[in-house]
Structure formats: C-alpha cells, structure tokens
Amino acid sequence: MRSIWKGHIRFLLVAIPVRIYNAIETSEKIQFNQLHREDYGPIGYDKRCKKCEQIVPNDQITKGYQYEKDRYAIVEPDEIAKVKIKTNRAVDIVGFVDASQIPNTFYDAPYYAGPDGPVSEKPYALLREVLKQTGKIGLGKVVLRDREDLVAVFAHENGLVLQKLRYPNEIRKMEDVPDLESAQKLDKRELKMATMLVEQMATDISEIEMIDHYHEALQKLIDSKIKGKKVVEFEEIEEIPRIDIMTALKKSLQRSSRKPMVKAVSKTTKKKAPLTLVKPKAVVARKRKAS
C-alpha cells in the first residue's frame, strides 16, 4: 500500500509522524470506456460549447461562477492557482469529542493513518489506545490537496482512521425535505409492534451479508463477453405487494420468530441455471397472457 501524504498528527505539543493511505479500493469499481461503434476506437472528451456548438481548444477555456441565470463571474485559472492555504504538513487536532456529537451526514472519504517509522510507533500506539479507551474522536484540520479539510481521527482495529468531514454549510437541512410534517402521526399499537419486530431482528453485523450483487452480475456479464458467450443471467424485478402497515407488521413478526437471522446462502453452494437474455417487454407480454 502506497502512502499519499506524509506529515504529523499534532495536538498541543504532541506531534506523531504519520503516513496517510487511501482506505477505498478504487480498482474494484468497474468502469467503462466510450468507444466508436465502427472501429471500437476510444472516444475522447468532446469539449464542445453548448452555446455556439463549436469544439473549444484548451487555451480558450476559462472558469466562471454562475451567480444568476446566464450571468457568470469570470475567474481565470491563474487566479485560482494563487488561492493557497498555509500548510505545515500536520493534522492539527483542535479538540476531542464524543462520536455521538458528529452527525452521520458529516462523514466523507476515509483514509488510514499509519506510523511513519520506528520513532512514531510508541506515540502512535499511545494515541490509538487512548482513543479506544475514552471513545473520543479527534477533530482537526489538514491541507491535503490545496484545500483545508475538516477531519476526524479515531481508533479502528489496530490502527487509526483519518476521515474527511463535510463542513456544516455543505449539508442540506433535514427540514427542507418535503412532506416530513405529515409523517409525524403515529399509532401506539403499530409503534409497539414495530419495536418488537426490530428487537426480534436484532443481530450482529458479522451475520449480515455485505456483497455487491450488482458488481458481481456486471463482472459475470463482462467475463461472458470476454469468453465469447451470449448467455447471461436474467433476473425479473420483484413486485412488492401493497398491504396495510398493521397486517405487514403482524406477518413480519410471525416470520421473524420462525427464521433466525443468518447469512444468505453463498452463490458458490447454490447456483441458478443460466437463462438466455430476453427483452423486458417479452417478459411483460408473457405475464399478461398468463393473467
């Protein structure tokens, strides 16, 4: 694993040398290239002006901030380049807070922070254990890529995580979500049954299947294309029946009391027979005939 940043985690007079690593595996994400159908040549980024419909060369492109409809404040790239934040290669911790004080919506990109050499191993381990025992999270600021980011530092397994946070002004207000006021009325019986259902379904996260089935299906399609096959798995969309909430709660409680919460059967042990890819319209037509 290659580090992307080297500096210190610092609070008051304590400075711990660290290296920062990406915690997200971007290579696992399937990405497609745009190709020309006739010769399968890659399609480049078409820098075409939406106003005059001409392709614009790089030296004729500038940046502008739209402050009104069709009105922009022009900002040249060299002007943006002059906007620099003073950096000292340090994650400056300004305080330690309880995890409950940081709204979930604030959390953004995670990074791993590791010790930078033998000299940092002891203070690194000390900070990790203190954060574990106190349950506190360090809040600080750091300049990673020309921008000052708000970050949280917390213990995770045998190391430290540095997670970028969104600033409060970047988060929309929950009260702006439509129709929230009309969703305040509760029936006491329904609330009691829903609470029972949640308690019956309580489990450990290790028992929950966390597999990206879309990624698996997409990879299967790509593999079949590479091997020259034309057979892929086709899965119909499940239609969820509409029933009243009380009936749904009663049936859910009965089902949850019969079936323990366990991981789903692995696809390696139970395979579906491959089906020929068909158009959705054909499926709909067959359903109508059957009805």
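Student: Which residues form a nonpolar patch on the surface?
Tutor: In this predicted model, Ile205, Ile208 and Met210 form that patch, and together they have about 320 Å² of accessible area. Accessible areas come from the Shrake-Rupley method with a 1.4 Å probe, and for residues only the protein chains shown count as cover. Patches are made of residues with over 30% relative accessible area and no salt bridge; nonpolar side chains (Val, Leu, Ile, Met, Phe, Trp, Tyr) are joined within 5 Å, like charges within 9 Å. A salt bridge is a side-chain nitrogen of Lys or Arg within 4 Å of a carboxyl oxygen of Asp or Glu.

Student: Where does Ile208 lie?
Tutor: Ile208 is in the loop between helix 3 (188–200) and helix 4 (213–226). Helices (H or I, at least four residues) and strands (E, at least two) are DSSP runs, numbered from the N terminus.

Student: What is the relative accessible area of Ile208?
Tutor: The value is 34%, so Ile208 counts as partly exposed. Buried means under 20%, exposed over 50%, and partly exposed in between (1.4 Å probe, protein chains only).

Student: And Glu157, is that buried or exposed?
Tutor: Glu157 is exposed, because its relative accessibility is 62%. Glu157 sits in the loop between strand 8 (148–156) and strand 9 (159–165), and has a positive phi of about 55° although it is not a glycine.

Student: How do strand 3 and strand 4 pair?
Tutor: Strand 3 (residues 63–68) and strand 4 (residues 71–75) are antiparallel, with five bridges. Two strands pair if DSSP finds at least two bridges between them. Gln66 has Tyr72 in strand 4 as its bridge partner. Their hairpin has two residues between the strands, and Asp70 takes a positive phi near 65° there.

Student: New topic: what is Asp92 in contact with?
Tutor: Asp92, in strand 5 (residues 90–98), is in contact with Arg10, Leu139, Gly140 and Lys141, leaving aside neighbours within four places in sequence. Contact means heavy atoms within 4.5 Å.

Student: Where is confidence lowest in the chain?
Tutor: It is lowest in helix 6 (residues 280–290), with a mean pLDDT of 44, and highest in strand 9, at 93. pLDDT is the predictor's confidence in each residue, from 0 to 100. The chain has a mean of 76. Where pLDDT is low, the predicted coordinates should not be read in detail.

Student: What rules apply to the numbers?
Tutor: Residues are numbered from 1 along each chain as its sequence is written, and side-chain values use heavy atoms, without hydrogens and water. In this predicted model, local features need pLDDT of at least 70 and side-chain atom pairs count only at pLDDT 80 or more, while totals for chains, interfaces and linings use all residues.
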